[in-house]
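I opened the model to go through its contacts and its helices. My notes follow in the order in which I looked things up.

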Amino acid sequence: MSESADAARRSLLELAAQLVAVSTSAEGTLAARMSDRFPWMLALSPADQETCAADVLAAARASFATNQPHLAIAELTSWRETATAIAAGLGSESLEWLEDSSTIERP
């Protein structure tokens with residue numbers, strides 16, 4: 001096994017341990033329990049927290065079923081980066097779309 005494959009496997013097992021801990025608790029919703037383990041989820045809206053929880057859990061199941069750790073790791077990383085961007089204030093600015101497209105000649 002390569003070093004990168006071993007690292008991916010370790011990351012997936014760490015995620016699995018956290019998901020097992022979250023899923024065995026009966027208090028609150030899945031999203032609330034996951035937000036406790038992954039505090040960055042609190043930057044997401046409540047609806048996005050629910051979607052994130054479901055997406056990460058589904059990706060983890062797919063990773064274990066197919067022996068492809070990158071599926072779950074990529075999903076978790078994607079959501080964490082989204083939460084980080086939201087926390088930084090990105091995406092809350094109004095956009096101004098340019099109506100007129102200009103053609104620029106080659107130099």
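I counted a salt bridge wherever a side-chain nitrogen of Lys or Arg lies within 4 Å of a carboxyl oxygen of Asp or Glu. The model is predicted, and I kept that in mind throughout.

**Entry 1: salt bridges**

I searched the whole structure and found 1 salt bridge. Asp6 forms it with Arg10, and the closest N and O atoms are 2.5 Å apart. I then looked at where the two residues sit. They are 4 residues apart in helix H1, so about one helical turn separates Asp6 and Arg10. I noted the general rule that an α-helix has 3.6 residues a turn, so residues three or four places apart point the same way. I also checked the accessibility of both partners. Asp6 is partly exposed, with a relative accessible area of 27%. Arg10 is partly exposed as well, at 44%.

**Entry 2: helix H1**

I took the length of H1 next. H1 has 22 residues and reaches 32 Å from its first C-alpha to its last, close to the 32 Å expected at 1.5 Å a residue. I listed Leu12, Leu15, Ala16, Leu19 and Val22 as its buried residues. These cover an arc of only 120° around the axis, which puts them on the same side of H1. On the other side of H1 I found Glu3, Glu14, Val20 and Thr24 exposed. The cover over the buried residues of H1 includes H2, H3 and H4.

I looked at one of the buried residues, Ala16, by itself. Its relative accessible area is 15%, and under 20% counts as buried, so Ala16 is buried. I also took its distance to Leu95, which is 79 residues away along the chain: the two C-alpha atoms are separated by 39 Å.

**Entry 3: helix H3**

I repeated the length check on H3, which runs over residues 46–66. Its 21 residues should span 30 Å at 1.5 Å a residue, and the end C-alpha atoms are 30 Å apart, which agrees. Which residues of H3 are buried? I found Gln49, Cys52, Ala53, Val56, Ala59, Ala60 and Ser63. Seen down the axis, they fall within an arc of 140°, so they line one face of H3. The face turned away from that buried side carries the exposed residues Ala47, Arg61 and Ala65. I looked up what the buried residues of H3 pack against, and noted helix H1 (3–24), helix H2 (30–37) and helix H4 (70–87). Just after H3, I noted a positive phi of about 60° at Asn67.

**Entry 4: the nonpolar core**

I then looked at the largest nonpolar core, which has 19 residues. Those with the most contacts inside it are Leu15, Met34, Phe38, Trp40, Met41, Cys52 and Val56. H1, H2, H3 and H4 each supply at least two residues of this core. The largest share, 5 residues, comes from H3.

**Entry 5: aromatic rings**

How many aromatic pairs does the structure hold? I found 1. The rings of Phe38 and Trp40 have their centres 6.0 Å apart and their planes at 45°, so I logged the pair as tilted. Both Phe38 and Trp40 are buried.

Terms used
Residues numbered from 1 in each chain as written. Predicted model: local features only at pLDDT ≥ 70, side-chain atom pairs only at ≥ 80, totals over all residues. Heavy atoms only, no water. Phe/Tyr/Trp six-rings, centres within 6.5 Å; stacked < 30°, edge-to-face > 60°. Buried < 20%, exposed > 50% of the residue type's maximum accessible area, 1.4 Å probe, protein only. Expected span 1.5 Å × (residues − 1). Arc of directions from axis to C-beta. Contact = heavy atoms within 4.5 Å. Core = buried A, V, L, I, M, F, W, Y, C linked by side-chain atoms within 4.5 Å.
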